[in-house]
Amino acid sequence: MSASPLLRLSQLTKSFGGVMAVNQVSFDVDHGTIVGLIGPNGAGKTTVFNLITGNYRPDSGEILFDGRNIVNMRTNRIVTLGIARTFQTIRLFQNMSALENVLAGCHCRMRSGAIGAMLRLPWQKREERQALEIAVGELEFVGLRSQLDQAARNLSYGNQRLLEIARALATKPRFLILDEPAGGMNDYETQVLVDLINQIRERGITVLLIEHDMNLVMKICEKLVVLEYGVMIAQGAPMEIQKDQRVIDAYLGAPDDDEDEDF
Amino acid sequence: MKPATIINVLVVATLLVAPYWLNAYWVDVLNSIGIYAVLALSLNVILGYAGLFHMGHAAFFAVGTYTTAILNTQFGIPVLWLMPLSGLTAGFFALLVARPIIHLRGDYLLIVTIGIVEIVRIALVNNVFGITGGSNGIFGINRPELFGYVIRTPHEFYYLIFGFAAITVLLFLRLENSRFGRALNYIREDDVAAEGSGIDAAHYKLVAFVLGAFWAGMAGTIFAAKMTIVSPQSFTFWESVVMFTIVILGGSGNIRGVLLGAFLIVGLPEVFREFAGARMLVFGAAMILMMIFRPKGILPAQPRTYNLDFLAGPRGGGK
């Protein structure tokens with residue numbers, strides 16, 4: 001393990017009204033690993049994601065990305081630093097094509113503005129071509145190249161999740177946050193997703209994911225972090241977590257219900 | 001040739017020769033349509049591409065028009081030279097007023113922008129800084145001069161206005177098909193997802209406002225030159241409504257739709273003059289019918305097309 005982790009949360013706290021959604025949560029995500037964030041519904045997992053990506057501001061605590069405190073940074077700035085995400089409730093640009101959805105991810109690595117576009121300068125055209133190349137490449141990577149001109153809303157649920165991943169990858173992230181990527185997928189699609197997440201790691205991208213599919217989590221995560229009522233109750237390798245009595249009581253033993261947290 | 005290309009060629013050709021068969025009155029109607037078309041195209045950047053409900057565009061138009069009127073009558077600066085300056089003034093004004101309200105959504109933004117246009121109009125009536133001439137306005141604005149040729153008649157203005165409209169269409173088409181145009185569309189579709197994809201939504205909304213205002217300000221220069229008299233009556237809330245309606249009814253986010261909207265909204269009431277008192281009634285009924293049968297506008301925005309021929313065969317992203 002390298003000396004400093006890619007992401008370090010320390011004493012992260014966020015409350016909504018009187019509810020402690022996230023309470024003094026601290027954990028590290030090391031370079032090149034796949035880490036799973038698990039716990040019952042309402043445990044604060046998505047809130048942790050929204051804190052990392054700047055959608056929410058923590059009441060207290062620090063989020064260090066590559067040694068740099070990203071608390072109070074704007075979301076788009078955090079994306080530019082190299083943190084990309086997908087959403088639990090799919091948030092694609094539904095009326096736009098799959099290709100344009102992925103081009104949205106390319107945006108933060110491009111520079112041309114309104115004037116460049118109006119004058120259609122040579123470097124602006126070159127940049128457009130490069131972006132198209134990256135976008136098509138990422139669609140190919142997730143297996144959606146053949147559907148690049150389909151409107152996002154016309155894709156199947158599983159493919160919409162893959163499209164969100166392609167859009168996130170197009171931002172050239174070093175760290176990818178997946179919020180229930182297998183939600184609504186069948187067994188075959190889930191297996192494809194597992195392969196895809198492994199390939200993402202092979203590209204050198206660190207992955208943090210929330211997932212209720214324990215099979216998937218146990219298969220691909222090197223480390224699990226377990227939340228309950230906003231408090232971290234355990235962290236460690238999947239094998240250890242499976243044996244942890246508190247985790248069994250809080251989550252693993254309990255039947256899996258599929259109610260969604262809101263975001 | 002594709003049908004769309006044929007229609008484009010026919011429309012451009014018709015517009016080029018139309019003044020030869022029309023009397024001064026109808027050319028003047030076309031000139032009004034042309035100015036409204038440019039204004040609606042500039043509003044389309046804010047309302048159509050970025051989806052921001054901005055009902056105060058007449059305020060930016062007013063700032064541009066008065067900048068030209070004041071500087072021309074006070075300092076005798078040639079009218080057309082004032083075009084970029086009027087645009088900049090309107091753009092700067094937009095920057096000042098839009099900045100604090102940029103985070104407002106939908107109906108809230110609508111109400112605030114209505115307030116802006118009223119504040120500007122009342123400021124003009126009250127002769128703010130003693131330079132706007134109060135409710136009488138400013139008169140004696142010079143005729144524009146292009147390459148030593150003074151533009152006077154409606155027929156001459158026609159080519160100035162539609163020339164400017166043509167340049168606007170060309171540039172805005174490019175804008176639409178660019179990183180900037182896409183960014184505004186992403187924000188319109190879902191601004192949380194847009195920010196999550198690395199797009200600075202607040203920045204782009206502001207730039208959309210400034211750019212739209214810049215263009216409305218430039219249109220103001222031509223308007224001032226055409227009228228030679230400007231007064232606050234030209235910048236009422238109703239003017240904003242007309243521009244808003246052109247964009248929504250024509251097809252927000254679609255340049256062709258906006259142009260068609262300008263012809264219908266500004267042109268039809270003239271055509272319906274034979275209905276005398278009932279003309280606005282007929283016009284209103286026509287509008288209601290169009291909104292029922294074409295809720296996304298007469299010509300809804302079309303998806304962009306991308307030429308991917310330069311990609312030689314399948315290639316991997318990171319595989």
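Rings of Phe, Tyr and Trp (its six-membered ring) pair if their centres lie within 6.5 Å; planes under 30 degrees apart count as stacked, over 60 as edge-to-face and the rest as tilted. With that in hand, welcome to the close-up views. This is a predicted model, where local features need pLDDT of at least 70, side-chain atom pairs count only at pLDDT 80 or more, and totals for chains, interfaces and linings use all residues. Residues are numbered from 1 along each chain as its sequence is written, chains are lettered from A and ligands numbered from 1 in the order in which they are written, and side-chain values use heavy atoms, with hydrogens and water left out.

**View 1. An aromatic cluster in chain B.** Ring pairs join B:Phe61, B:Tyr66, B:Phe223 and B:Phe235 into a cluster. Over all chains, the count comes to 16 aromatic pairs. The ring centres of B:Phe223 and B:Phe235 are 6.1 Å apart and the planes stand at 75°, so this pair is edge-to-face. B:Phe223 belongs to helix α9 (residues 201-227) of chain B and B:Phe235 to the loop between β4 (229-230) and α10 (237-250) of chain B, so the pair ties together parts 12 residues apart in sequence. Here helices (H or I, at least four residues) and strands (E, at least two) are DSSP runs, numbered from the N terminus. B:Phe223 is buried at 12% relative accessible area, and B:Phe235 is buried too, at 1%. Buried means under 20% relative accessible area, exposed over 50%, and partly exposed in between (1.4 Å probe, protein chains only).

**View 2. A salt bridge joining two chains.** A salt bridge is a side-chain nitrogen of Lys or Arg within 4 Å of a carboxyl oxygen of Asp or Glu, and the structure holds 14 of them over all chains. One of them brings together the side chains of A:Arg74 and B:Asp200 (2.5 Å, N to O). A:Arg74 sits in the loop between β5 (68-69) and α2 (75-81) of chain A and B:Asp200 in the loop between α8 (191-196) and α9 of chain B, so the pair joins two chains. A:Arg74 is partly exposed at 42%, whereas B:Asp200 is buried at 19%.

**View 3. A salt bridge between distant parts of chain A.** The side chains of A:Glu138 and A:Arg203 meet in a salt bridge (2.8 Å, N to O). A:Glu138 is in helix α5 of chain A and A:Arg203 in the loop between α7 (187-202) and β8 (206-210) of chain A, 65 residues apart. Relative accessibility is 5% for A:Glu138, which counts as buried, and 26% for A:Arg203, which counts as partly exposed.

**View 4. Salt bridges within chain B.** B:Arg121 and B:Glu118 form a salt bridge (3.1 Å, N to O). Both lie in helix α5 of chain B, three residues apart, about one turn of the helix. B:Arg121 is partly exposed at 23%, as is B:Glu118 at 25%. Elsewhere, B:Arg105, B:Asp191 and B:Lys205 are linked in a network of salt bridges.

**View 5. Two residues with positive phi.** Most residues other than glycine have a negative phi. A:Tyr229, not a glycine, has a positive phi of about 50°. A:Tyr229 lies in the loop between β9 (223-228) and β10 (231-236) of chain A and is exposed at 67%. B:Asn127, also not a glycine, has a positive phi of about 55°. B:Asn127 is found in the loop between α5 (106-125) and β1 (138-139) of chain B and is partly exposed at 30%.
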